[in-house]
Amino acid sequence: MAQTKAPFYSTVVILALAFPLAGIMAVREPEVAWMFILGAIFMPVAWLVVETLKFSNQANAPAEEDRVTLRQSIRSAGILILIPMGLTVVFTSGFTWITDAWEVRILGSAFGIAMIVIANAIPKRPTSLSSGGASYAKRQAVARFSGLVLMITGALYILASFIVPQDYSAIALTSIAVCGSALVIIRSLMAAMGSKAEA
């Protein structure tokens with residue numbers, strides 16, 4: 001039980017930090033206040049919906065490892081949301097030495113480093129041993145693949161934030177993140193479809 005409580009409290013703290021940051025940015029930039037508020041409430045709502053739908057049916061007897069993995073994933077996503085929000089607060093605080101180019105480099109580096117740290121932790125997360133779905137070995141294979149792809153994505157994200165011209169940085173960084181995420185999603189879907197075919 002302690003294993004599920006630890007991710008719960010740390011996840012709540014991380015998601016809660018987004019609200020004061022969103023409040024600051026909503027005051028500083030009221031024309032895009034909706035974007036920051038939406039960013040703050042999205043992950044808590046997503047967590048509530050996913051956990052309610054996934055674990056409300058007690059007949060399924062979900063494994064505790066599944067609950068831990070879900071909360072760790074939400075926590076990781078919360079960190080990736082906090083980074084741009086926190087840095088945006090810093091960038092709008094009047095520091096004249098932070099140019100537009102350095103904003104891209106700092107944000108890209110912070111986001112890339114966070115992605116690498118999270119990617120390194122993915123294969124070490126608890127994997128459900130419950131019956132049904134992908135086997136333990138297949139889940140571990142997907143986790144290792146996901147970790148490797150996201151680690152490479154993070155490294156490319158950092159590199160691109162420094163070498164790509166500022167006019168093309170947004171397109172380049174978005175493309176890197178989308179491609180890395182797409183590879184992980186496709187690999188996960190392939191594993192899930194393979195498991196259904198074997199059933």
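How many of the 199 residues of the protein chain, as a percentage, count as buried? I found that 34% of them do, where buried means under 20% relative accessible area, exposed over 50% and partly exposed in between, with a 1.4 Å probe and protein chains only.

A note on the ground rules. I am reading a predicted model, in which local features need pLDDT of at least 70 and side-chain atom pairs count only at pLDDT 80 or more, while totals for chains, interfaces and linings use all residues. Residues are numbered from 1 along each chain as its sequence is written, and side-chain values use heavy atoms, with hydrogens and water left out.

Entry: the fold. I listed 6 helices and 0 strands, taken as DSSP runs numbered from the N terminus (helices H or I, at least four residues; strands E, at least two). Read from the N terminus, the order is α-α-α-α-α-α.

Entry: contacts and surface. I took a contact to be heavy atoms within 4.5 Å. Among contacts between residues at least 6 apart in sequence, 72% join residues at least 24 apart. The accessible surface is about 11600 Å², and carbon and sulfur atoms hold 72% of this area, by the Shrake-Rupley method with a 1.4 Å probe.

Entry: the cores. I looked for nonpolar cores, meaning sets of buried Ala, Val, Leu, Ile, Met, Phe, Trp, Tyr and Cys residues joined through side-chain atoms within 4.5 Å. The largest has 13 residues, and Ile122, Leu150 and Tyr157 have the most contacts inside it. Helix H4 (100-121), helix H5 (136-163) and helix H6 (166-198) each give two or more residues to this core, with the largest share, 5 residues, from H5. Leaving out residues up to four places away in sequence, Leu150 touches Met115, Ala119, Ile122 and Val184. Apart from this core I noted another, of 10 residues, including Leu21, Met25, Ala40 and Val89.

Entry: the cavity. Which helices each supply at least two residues of the lining of the largest cavity? They are helix H1 (2-28), helix H2 (33-55) and helix H3 (64-91). A cavity is a set of points on a 1 Å grid over the protein atoms alone where a 1.4 Å probe fits but cannot get out, and lining residues have an atom within 4 Å of a point. I found 1 cavity of 30 Å³ or more. The largest cavity holds about 50 Å³ of space, a volume filled by probe spheres set on the points, which are joined across faces, edges and corners. H2 gives the largest share of the lining, 4 residues.

Technical notes: 1 Å grid on protein atoms, 1.4 Å probe; cavity = no way out; pocket = protein on both sides within 12 Å on 5 of 7 lines; lining within 4 Å.
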